[in-house]
Amino acid sequence: MTGAKALWATLANHGISTVFGYPGGAIMPVYDALTFYPEVRHVLARHEQGAIHAAEGWAKATGEIGVCIATSGPGATNLVTGLADAMLDSVPLLAITGNVARHLMGTDAFQEADITGITLPITKHNYVVRDVEELPRVIAEAIRIARSGRPGPVLVDIPKDVQLAAYAGEVAYPHARPEHPAPKPEAIAKARELLLAAKKPVIMAGGGSLDASAEITALARAWDIPVITTLMGLGAFPSSDPLWLGMPGMHGSVAANRAISEADVLLGIGLRFDDRVTGRVNGFAPNAAIIHVELDAAEIGKIVRVGVPVRGDAVVAAKMLTESAQKLDLPEWRAQIAEWKSRTVTPTEWGAGFAVKSVVDRLRPDDILSSDVGQHQMLAAQLARFEKPRRWINSGGLGTMGFGFPAAIGAGMAEPGVTSIVIAGDGGFQMTLQELATLKMYDIRNVKICIINNSYLGMVRQWQELFHEKRYSEVWLGDSNPDFVKLAEAYDVPGYRASNAEELPGMIDAWLADPKSALLEIVVPHEHGVFPMVPAGAALYEMIETEPPRKQPAPDLSAEMAEAAEGAKNA
Amino acid sequence: MSDYTMTEQPKDHLVSALVRDEPRVLTRITALFGRRGYNIRSLSVGATEHPGLSRMTFVVTGDRGVVEQAMRQLEKLHDVVRIIDHSLEKFVDRELVLVKVAISPDSRVEVRQIAEDFRSRIVDVGRHALTFEVTGDEGKITAFIEQMRPFGILETMRTGRIALTRGSNADIPSHVYHDGETETLRPAVESVEPREERARDVPNLF
């Protein structure tokens with residue numbers, strides 16, 4: 001057995017059924033050995049970035065580890081964006097890279113890059129396997145590290161001669177998953193005490209709470225506390241529940257942001273208080289005692305001041321808090337929240353919001369919705385309704401344009417029985433559109449691509465409009481965009497297009513009914529913005545609730561922004 | 001302890017880390033410090049009594065919140081087996097410095113006398129310079145250098161601070177762990193096998 005075969009055998013022993021990758025010189029022994037392991041399916045992407053985002057989509061949809069493979073040098077560096085993305089969104093991921101033979105390492109050999117050095121800050125851990133005897137053990141350990149605790153990406157770099165070396169030892173099997181620490185009863189007691197005295201409590205659930213969805217739902221209902229789900233936490237609490245307030249932060253709902261600003265107790269579960277969620281930190285939840293349930297101790301107190309740190313598993317913590325629950329009777333708080341919720345604006349005018357709403361309204365509970373990054377992402381997050389966790393896949397922390405489409409392929413391959421819809425912008429789609437070939441190659445039939453085409457890098461344009469006096473610098477794509485329908489057809493993917501509200505429903509029907517994966521381009525007006533919006537550097541309570549009237553000049557926020565920046569510096 | 005945002009004058013904090021003795025561990029740790037913007041004032045690394053484990057002692061400047069955050073970030077690294085915050089325990093610390101002092105026929109005796117007062121050793125004798133070795137805590141070393149400065153210091157090299165938790169005063173309860181056995185007096189590490197098995201709760205959350 002060679003090292004390369006030991007690698008595949010180890011992956012197979014770990015139940016890894018699908019890997020995404022792209023071959024090259026320094027990983028050829030692994031691709032050669034692949035032919036002996038038909039139990040593992042390899043999906044050939046058209047770019048390593050496509051491969052790793054597909055692996056992320058797989059992982060985000062299933063909660064299981066995603067695996068991707070690349071060669072040395074340029075292949076490995078093409079994984080960097082996906083690794084950083086997985087790091088910020090806590091995605092369990094194993095990246096395997098080939099490297100030049102050991103005797104060439106450090107000589108600037110052909111296609112050599114110090115990928116472990118490069119990825120040091122953006123992986124949970126990484127390895128160079130210098131001895132074939134260590135290979136299966138390292139792979140098993142890498143998988144364990146990627147999945148344990150707060151998940152994250154792990155990279156294993158294997159020199160070519162190690163892949164070829166003879167291996168006679170055992171092939172590794174999975175480690176038992178380490179149990180998460182249970183929260184301390186004292187911490188739970190303190191949290192309970194705070195909740196009991198609360199007049200304006202609110203729960204905020206993040207990406208780390210997705211696997212505790214049932215427990216958090218029970219908790220919120222037992223105490224009768226409203227729930228906010230962050231961009232990463234959408235689906236952790238059913239949107240149909242009257243207690244749901246939407247998403248917080250920069251493009252959060254009025255109800256969520258006002259509730260945070262007014263709350264006296266904020267129970268945060270599985271989240272890291274990203275700046276897009278908090279707005280200006282010293283204006284975040286200014287009146288609230290914060291209870292923070294979090295597995296990763298380093299996140300507790302990193303950004304916001306925490307009154308009661310509850311370190312431990314969200315499932316266990318939620319159960320413990322539910323056991324001691326006492327329904328809170330807070331009619332005034334409920335009335336206030338109902339008033340805020342009534343301020344939700346449904347887009348009725350033709351535009352990006354209308355288009356996104358028309359698409360996401362068609363989602364069935366099992367359908368997976370992915371998005372790329374930009375205005376359409378925020379609109380989808382605002383307008384889509386999720387009853388279950390792991391049905392919403394997007395790049396939260398890193399904001400990676402080009403993420404959505406390959407991630408939807410990965411999610412669609414993980415769950416061939418469900419429809420995997422991706423909403424992308426005309427800008428982001430063009431960053432990874434070559435993966436249309438992957439759809440064709442594997443005859444994937446359940447991926448539905450929706451492009452919201454406003455001919456702009458819309459979110460950048462919105463910021464230029466609001467904060468740079470409409471100097472639209474380098475954001476116009478209109479003259480150079482391809483004919484997306486023809487483009488799709490070039491890859492044998494059926495294309496549909498709608499340009500107004502009248503033809504849209506029919507086109508959505510045809511697009512979704514198409515037996516193949518299909519692309520729908522929705523051409524929308526150029527200059528629509530996403531609102532509500534909290535300007536960067538402002539506090540959540542300083543949100544702009546509705547789009548300022550078009551005829552008016554953009555509000556001059558420069559003084560306020562400078563002050564906010566000064567405040568942030570001093571904070 | 002949970003009020004991490006309190007404003008407090010930045011201070012030096014002495015922290016030790018037991019780490020796996022593997023390539024790139026030092027890079028990993030210093031890169032983490034660099035990226036998160038924590039300032040390391042001094043760093044010393046050496047082997048331990050356990051094969052496969054090294055010990056690093058560093059001085060981080062910042063308020064309590066910054067130091068706790070730095071330690072927690074460090075604790076997440078797979079290569080880090082244990083973090084010891086010496087400010088929570090009674091400890092001994094030392095630094096070693098080599099100081100090359102210019103001498104003249106007039107000053108030679110006086111320089112030697114001062115060195116003797118500091119219990120410093122002469123490690124090199126030249127016609128125009130003497131090189132001294134001084135160990136001690138930071139204050140002693142600084143005092144020695146200040147005493148020698150008027151004669152003309154040609155070169156100095158200081159190691160970083162190194163520290164160990166005291167074993168002798170175990171009967172004096174640590175102020176952090178109340179009257180319990182102190183964490184760092186237990187055998188440091190049994191082996192260098194999977195870290196999660198030994199994963200501890202983060203101390204001092206309450």
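**Cores, a sheet and a buried loop residue**

L266(A) touches V202(A), M204(A), I260(A), F273(A), F284(A), A285(A), A288(A), A289(A), I290(A) and I291(A), residues up to four places away in sequence not being counted; contact means heavy atoms within 4.5 Å. The model is predicted: local features need pLDDT of at least 70, side-chain atom pairs count only at pLDDT 80 or more, and totals for chains, interfaces and linings use all residues. Residues are numbered from 1 along each chain as its sequence is written, chains are lettered from A in the order in which they are written, and side-chain values use heavy atoms, with hydrogens and water left out.

L266(A) belongs to the largest nonpolar core, which has 94 residues; together with F284(A), L369(A) and I522(A), L266(A) touches the most other members. Such a core is a set of buried Ala, Val, Leu, Ile, Met, Phe, Trp, Tyr and Cys residues joined through side-chain atoms within 4.5 Å; buried means under 20% relative accessible area, computed with a 1.4 Å probe on protein chains only. Because domain 2 (185–343) and domain 3 (353–532) of chain A both contribute residues, this core lies between them; the domain bounds come from an automatic or database domain assignment. Apart from it lies another core, of 42 residues, including F20(A), A55(A), V447(A) and A488(A). In soluble globular proteins, nonpolar side chains tend to be buried together.

UniProt annotations also mark parts of chain A. An unreviewed entry places "domain: Thiamine pyrophosphate enzyme central" at residues 188–317 of chain A; the end C-alpha atoms of this span lie 7 Å apart, and the span is 29% helix and 20% strand. "Domain: Thiamine pyrophosphate enzyme TPP-binding", likewise from an unreviewed entry, is placed at residues 372–522 of chain A. There the end C-alpha atoms lie 15 Å apart, with 38% helix and 16% strand. Helices (H or I, at least four residues) and strands (E, at least two) are DSSP runs, numbered from the N terminus.

T400(A) lies in the loop between β14 (392–393) and α17 (404–414) of chain A. Its relative accessible area is 5%, so T400(A) is buried. Among the residues that T400(A) touches are Q49(A), H53(A), D85(A) and D372(A).

Five bridges join β1 (residues 11–20) of chain B to β4(B), and A17(B) stands opposite I83(B) in β4(B).

How values were computed: Buried means under 20% relative accessible area, exposed over 50%, partly exposed in between (1.4 Å probe, protein chains only). Two strands pair if DSSP finds at least two bridges between them. UniProt positions are given in the numbering used here, feature names are shortened, and annotations may be inferred rather than shown by experiment.
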